Amino acid sequence: MSPERTVEASGETVSEAKWRALRELELAVPGLDKANVRFQVLSEGERGLLGVGYTPARVLAAVDSSLDGAPAAETPPIDESEAAASLRDLLAHITAAIGVRCRIEVDESGGVLAGTCYGDDIGLLIGRHGQTIDAVQVLAAAIAGGSGEDRLEVVIDAAGYRDRRRRTLEAVALRSAEEAVRTGSRVELEPMSSAERKLVHTALADREDVTTSSDGDEPNRFVVVEPTP
């Protein structure tokens, strides 16, 4: 059985303790692949009453020490830009903080900076209706996207989630259009983010038998599909 490298760390929360343990392992194991790290929660900690009696959360992180010096998928390429390295570091920080072990790939081309995460618990990063990953994308754009003429479009994905969600929304849009034409009545879709509403509007933009609009207030704004008068 291969020997393991272990690190014990503490923090105010379990997520913070995991983050600190992961950082210590990265220093101890060059080229660490975060997907191979296993965590054991030793104590979830207690906040105490009115700040009295606080005990930190404690975790034990372990990785096969035979991986020392092995190149990891998350090791930034030599020619990686500052923006790409910034995005990679941000995604590593966020995923570790929420307890998601994943492989991070960053690609920069055509004015688009794309970060994609792959892992078993990737649903935690996506969140309900993609709310978490959308929030991460907004944050990443502000931090790693740059500004002015050099500003990059930043896209954060999780194991192909964006493409699957796009296909789902396009199918929903087409079904809603058919229903609107068949019944002669407006069809209201579920609340969506502005990016997802845009996908629906685009999917039906070339149809002459229906029109689309957005209604409601954020965060419950939704798309309305109506038959053309």
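Arg186 is partly exposed, at 38% relative accessibility. By that term I mean a relative accessible area between buried, under 20%, and exposed, over 50%, with a 1.4 Å probe and protein chains only. The side chain of Arg186 meets that of Glu188 in a salt bridge, 2.9 Å from N to O. A salt bridge here is a side-chain nitrogen of Lys or Arg within 4 Å of a carboxyl oxygen of Asp or Glu. Glu188 is partly exposed too, with a relative accessible area of 48%.

Before going on, the ground rules. This is a predicted model, in which local features need pLDDT of at least 70 and side-chain atom pairs count only at pLDDT 80 or more, while totals for chains, interfaces and linings use all residues. Residues are numbered from 1 along each chain as its sequence is written, and side-chain values use heavy atoms, with hydrogens and water left out.

Now the sheet. Three strands make an open sheet, ordered β7-β9-β8, with antiparallel pairing. Strands are DSSP runs of E, at least two residues; helices are runs of H or I, at least four residues; both are numbered from the N terminus. Two strands count as paired if DSSP finds at least two bridges between them. Between β8 and β9 (residues 222-227) there are six bridges, in the antiparallel sense. Within that pairing, Ser213 stands opposite Val224 in β9.

Helix α5, residues 161-183, packs on this sheet and touches β7, β8 and β9; its direction makes about 40° with that of β9. For the angle, axes are lines fitted to C-alpha atoms, for helices over the stretch in contact, and the range is 0 to 180 degrees between N-to-C directions.

What does Glu178 meet in a salt bridge? Its partner is Arg207, at 3.0 Å from N to O. This pair links distant parts of the chain, 29 residues apart: Glu178 is in helix α5, and Arg207 is in the loop between α6 (194-203) and β8. Both ends are partly exposed, Glu178 at 45% relative accessibility and Arg207 at 21%.

Elsewhere, Arg103 and Glu105 form a salt bridge, with the closest N and O atoms 3.1 Å apart. Arg103 is partly exposed at 28%, as is Glu105 at 36%. There is also a network of salt bridges linking Asp163, Arg166, Arg167 and Glu170. A search of the whole structure gives 13 salt bridges.

Next, helix α6, which holds Arg197. Is Arg197 buried or exposed? It is buried, with a relative accessible area of 7%. Setting aside neighbours within four places in sequence, Arg197 is in contact with Met192, Ser214, Glu218, Arg221, Phe222 and Val223. Contact means heavy atoms within 4.5 Å.

Finally, the chain as a whole. Its secondary structure comes to six helices and nine strands. Of the 229 residues, 33% count as buried. For contacts between residues at least 6 apart in sequence, 59% join residues at least 24 apart. The chain exposes about 12900 Å², of which carbon and sulfur atoms supply 51%. Those areas come from the Shrake-Rupley method with a 1.4 Å probe; for residues, only the protein chains shown count as cover.
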